[in-house]
Amino acid sequence: MARKELAVDNVAEAYLALLAERGIEYLFANAGTDFAPLVEAFAKSARTGAPVPQPVLATHENLALSMAHGYAMVSRRVPAIMVHVSVGTANGVCGALNAARENVPMLFTAGRSPLTESGLPGARDVYIHWAQEMFDQAGMLREIVKWEYELRNGHQLETVIDRALSIATTPPGGPVYLSLPREVLAASLPGFAYDMPARRVAAAPAAPDKGAIDEAVHILAAANHPLIITASAGRDPAAVEALADFARRFAIPVVEHRPRHLSLPADHPCHLGYDATPYLDGADAILVLECDVPWIPSLKAPRPGCKVIHIGVDPLFSRYPIRGFPCDLAVTGAAASALPELGAGLDRVVGDTALSQRRRRVGELRETLVAGWQKTRESVATLRPIHMAWASACIAGVKPEDAILVNEYTLMPKHCGSTLPATYFGSSTASGLGWGGGAALGAKLAASDRLVIAVLGDGSHLFGNPVAVHHASAVHKLPVLFVVMNNSMWGAVRRATLGMYPRGEAARSNKPPLIDLDELPAFEQVCAAAGGYGERVEDPAILPAALERAVRAVTVERRQALLNVICRGH
Ligand SMILES: Cc1ncc(C[n+]2csc(CCOP(=O)(O)OP(=O)(O)O)c2C)c(N)n1
Ligand SMILES: [Mg+2]
């Protein structure tokens, strides 16, 4: 094993060099006084050519975290983020929760106010250094991250960084948090030696237990009407083919419930849409595959006799305080390795006659479903304000097959299906709004040759700091197409209220409070103000042409574009 030595002046320089050596390409950053030693080290590297991660300026922490999230989900590499002490961490907590619930590994760091009031290099020299210091800065997100620590000195640097990265990337992945006091970053370090490659690596994933796989085979083989429900099997692109093969071979229908990743191509013969409700009564065995919420029990649950198997890297979602779905068997393991093993077991026991009957039945169900969707699209195509189903279908009409869709959360996948792995990303199951714009920019950073389309609600767009997002798109040359489905409201709040109180005061009111978003700014002009193409679309008939114009602006002119699509409430 090789030891490498670097001539550095201080811990900050060694830290950035080590991040680069460990494969961190980007440091998404929102700076403050705590950054002084890092700004200095970046400036020095620009002169000397010493490798460091590329700093990516983000003018709000939510944007920094969301960009890092989008970059990580597409590149499958680990991003680093740095924010300003306690206050920056506070702004980043929502993004960290989004990433944690989606098992996105990231190194989330923050400065720590200088500890000393004078004497050491980096000691307090601005009035904020007293008030910004907290007893327990990491306490704000200790529950969210997999590990947190504070760098105490330069001598532990290699151990700390390697431990942070190996824990973040060990399945199930997730963010880790490291605070960096200013005096520690500024401390002199006469030379820095470290192992290359790293001697502390991530743990290999747990292999599915053989006995548990046999039991799952037994349950599925005995079932006449098995069903698979997934949300995130496709987080690992290799799982998409595994699921496609498995479903096709055994004619098992698959529902993608609230998908965050494409797990099965939308045109797969076993794809039965995005809502398991119609199939729950008939199912006699359900395989819940990388899915935290397969159905909503207060609305509809499977029959009591239906066997339920959960498979995933953390099939119990152990970080969720409450999750009580029936679970007759839970198998820890990645879908990409568990499904072929299940398939091999089922191959030995399942007869082809039963399968051909089931294949026919699944085919009929799918035909009815797809015909229903088509009918919906036709019936809403001319509605004004525009229907989100029509807007989704129009997006399907312009997007190349390899385009990356980032959905927060108004795109309707049933009207805009994707077929390739890693081309669809839905917002985190934690649903901390304000993610989509930044995530799309991060996705573009990871895949510069692909068209990236962010589909946002008017509400979610506002949560995402649009001015900061458009600025980042321009300054980092990340042209993305933003489609805002603008119904001038928080439709979700309306639906929740009417769902709980269908005949209540709000239902009777013409204008219930805290739902309508009146006097919204012209989102398209905000994009244009940052150098992008912007267009407001009210007429459903011109939406396809408007989308073509916007796609052209992004792909040919290489500038961002925003369509402000005036939609009806839903
Ligand atoms: C950070 C955060 N704050 C509040 C919410 C609650 N919330 C969920 S959906 C929603 C409204 C979203 O509005 P919009 O994006 O316009 O979509 P619509 O429901 O109108 O289609 C709100 C406020 C949330 N999920 N995250
Ligand atoms: Mg809305």
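The largest nonpolar core of this predicted model holds 51 residues, and Phe28, Ile81 and Leu441 have the most contacts inside it. Such a core is a set of buried Ala, Val, Leu, Ile, Met, Phe, Trp, Tyr and Cys residues joined through side-chain atoms within 4.5 Å, where buried means under 20% relative accessible area with a 1.4 Å probe and protein chains only. Helix α3 (residues 61-75) supplies the largest share of this core, nine residues; helices are DSSP runs of H or I with at least four residues, numbered from the N terminus. A second, separate core has 37 residues, including Leu262 and Val551.

The magnesium ion (ligand 2) is coordinated at 2.0 to 2.2 Å by Asp458 (OD), Asn487 (OD1) and Met489 (O). Donors here are N, O and S atoms within 2.8 Å of the metal (3.2 Å for Na, K and Ca), and sites may look incomplete because water is not among the atoms. Both Asn487 and Met489 are buried.

Residues are numbered from 1 along each chain as written, and chains are lettered from A and ligands numbered from 1 in the order written. Local features need pLDDT of at least 70, side-chain atom pairs count only at pLDDT 80 or more, totals for chains, interfaces and linings use all residues, and side-chain values use heavy atoms, without hydrogens and water.

Note on methods. Buried < 20%, exposed > 50% of the residue type's maximum accessible area, 1.4 Å probe, protein only. Helix = DSSP H or I, 4+ residues; strand = E, 2+ residues; numbered from the N terminus.
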